[in-house]
Amino acid sequence: MYSKSQIPAGLLGSYYAARQTAGQYRSCAVTAQYHFTSPLEKFIKLLKYALKRNIQRHPPLSYGLLDRTKTSEAQFWRQEKIHWEDVVELHHVEEGDGDEILSAELGKAHEYLFTDQTRKPAWKLVVVVHGVESLTVDIIYLTQHAIADGLSCVAFHKSLYKYMMEGVSLSESDLIVNWPYVVPSSTPLPLPVEDFLTITPFTEQSKTATTATKTFPLNASEIWTGPPPYLPSAAAYASRLQILTIPSASVRQVLAKARNLNTTITALLHALVVIYLSTTHPTSPTFVSVTPYSLRSFTGISKDEMVNHINYIVSSWNPDIISTIRDAKDGSAEEFKASLAVGKQFREDIEAELELVAANCGGPTPLREIAAVSNHEESCRAAMNRKRSTTYEISNVGVVDFVASFPSTADQGIRLEKLVFSQCAMVVGPVIGLSAVSVRDGPLVISFCWQEGALEEGFMKRMVSFLKERLLALKD
């Protein structure tokens with residue numbers, strides 16, 4: 001039996017609760033970077049007002065997540081109260097390279113484990129303050145993936161900014177709010193994806209069911225997917241992160257090039273990553289990617305709401321494409337043309353996948369696989385003893401119409417500089433993670449994450465430099 005504060009965690013809630021306990025997957029985040037001209041005290045007052053309003057706006061923010069025990073299944077736990085000091089950390093840093101500072105802050109933030117979930121919700125803010133007078137402020141919304149996907153993290157920031165702008169117009173007395181926030185017993189429950197899609201667990205007979213993506217007869221042991229999983233303990237984990245910012249003027253050129261090639265930013269990123277890996281790992285016959293995508297077009301949930309309604313496709317690139325890339329001269333037009341076949345295969349894979357989901361044949365394959373797991377704790381342990389099955393992930397939440405919703409913000413002393421989408425390093429998943437987001441008419445930001453010790457830092461820094469060079473060179 002569950003109390004009124006306890007709600008079954010459902011399919012993805014149970015999955016992510018177990019991965020959190022095992023230390024294998026910890027958080028995703030979206031960071032909003034602002035330029036703020038008022039004193040820090042004014043900013044904190046605005047944030048206290050806006051955050052309380054935001055918790056009221058988004059019901060999942062009132063819940064913690066408890067893993068399965070010997071006597072109960074995984075469950076969401078509605079909080080009685082949410083205390084400011086439990087959900088907000090304030091960090092002061094010296095002025096310097098903003099991306100380098102934020103990269104270090106995000107890497108550290110993604111090591112955090114959400115504990116004490118009967119007293120604290122499954123999220124927190126890390127507020128990074130640069131400078132003293134004219135402030136640059138990074139607001140990191142860090143969350144357990146069970147209550148929020150990437151679009152949800154963006155939704156959090158859009159409404160938070162709305163309430164900050166609302167607060168700017170209030171008097172000092174009206175701006176003052178009382179903490180802690182007392183959670184109403186009528187707070188709506190999180191909305192699990194299985195309430196909207198029929199998810200049929202795989203059985204022994206259905207494991208060979210048709211998948212949307214292409215497969216090739218290869219020996220999996222020959223494909224480079226990084227070192228074996230390792231995690232001596234949940235505490236013995238470090239998540240590394242590097243931010244790449246492509247300025248808005250260059251983004252326009254990249255978008256024009258993508259349109260000219262009839263492709264997408266995500267497909268271009270796949271093409272460039274494969275070029276880099278084909279050079280650095282010349283004996284791997286191919287590489288295997290993970291690409292998450294939103295299920296909201298099937299569940300009917302707005303982008304402005306907070307849920308975890310995502311799925312992903314796994315693509316194994318045609319080995320002939322890899323060979324053609326390697327045979328071409330480094331940096332040549334022939335090399336780039338060959339890499340576009342990766343983007344073409346990606347588009348074909350995702351289109352086939354969406355058709356399969358639309359056909360309602362038991363649900364997306366990964367969700368059916370998760371639904372078939374009876375014990376996620378045992379599944380996490382087993383994953384530590386297997387070779388990683390995938391090489392890298394690209395998660396792109398796309399272009400956000402953020403500033404357009406608030407056209408007069410520059411007059412209020414608050415200016416949004418950019419958004420940064422990021423994830424923790426994955427212990428048993430892809431050894432490299434790329435997460436991308438851009439604000440309309442603003443920069444494209446790509447974060448690269450990896451587990452410390454899994455890859456050499458020089459390898460990742462060269463990868464970031466390679467993508468930067470190639471993206472900036474793209475012109476229509």
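1. F466 counts as buried at 13% relative accessibility, where buried means under 20% relative accessible area, exposed over 50% and partly exposed in between, with a 1.4 Å probe and protein chains only. The model is predicted, so that local features need pLDDT of at least 70 and side-chain atom pairs count only at pLDDT 80 or more, while totals for chains, interfaces and linings use all residues. Residues are numbered from 1 along each chain as its sequence is written, and side-chain values use heavy atoms, with hydrogens and water left out.

2. Aromatic pairs number 12, by the rule that rings of Phe, Tyr and Trp (its six-membered ring) pair if their centres lie within 6.5 Å, with planes under 30 degrees apart counted as stacked, over 60 as edge-to-face and the rest as tilted. W123 and Y141 form a tilted pair, because their ring centres are 6.2 Å apart and their planes stand at 45°. W123 belongs to strand β7 (residues 123-130) and Y141 to strand β8 (residues 135-143), 18 residues apart; strands (E, at least two residues) and helices (H or I, at least four) are DSSP runs numbered from the N terminus. W123 is buried at 1%, and Y141 is buried at 0%.

3. Y276 and F466 are also tilted, with centres 5.5 Å apart and planes at 45°. Y276 lies in helix α8 (residues 265-280) and F466 in helix α14 (residues 457-473), so the pair ties together parts 190 residues apart in sequence. Y276 is buried, at 7%, and ring pairs link W224, Y276, F459 and F466 into a cluster.

4. R26 lies over the face of Y237, at 3.9 Å from the ring centre, and K48 over that of W84, at 5.3 Å; a charge sits over a ring if NZ of Lys or CZ of Arg is within 6 Å of the ring centre and within 35 degrees of the ring normal.
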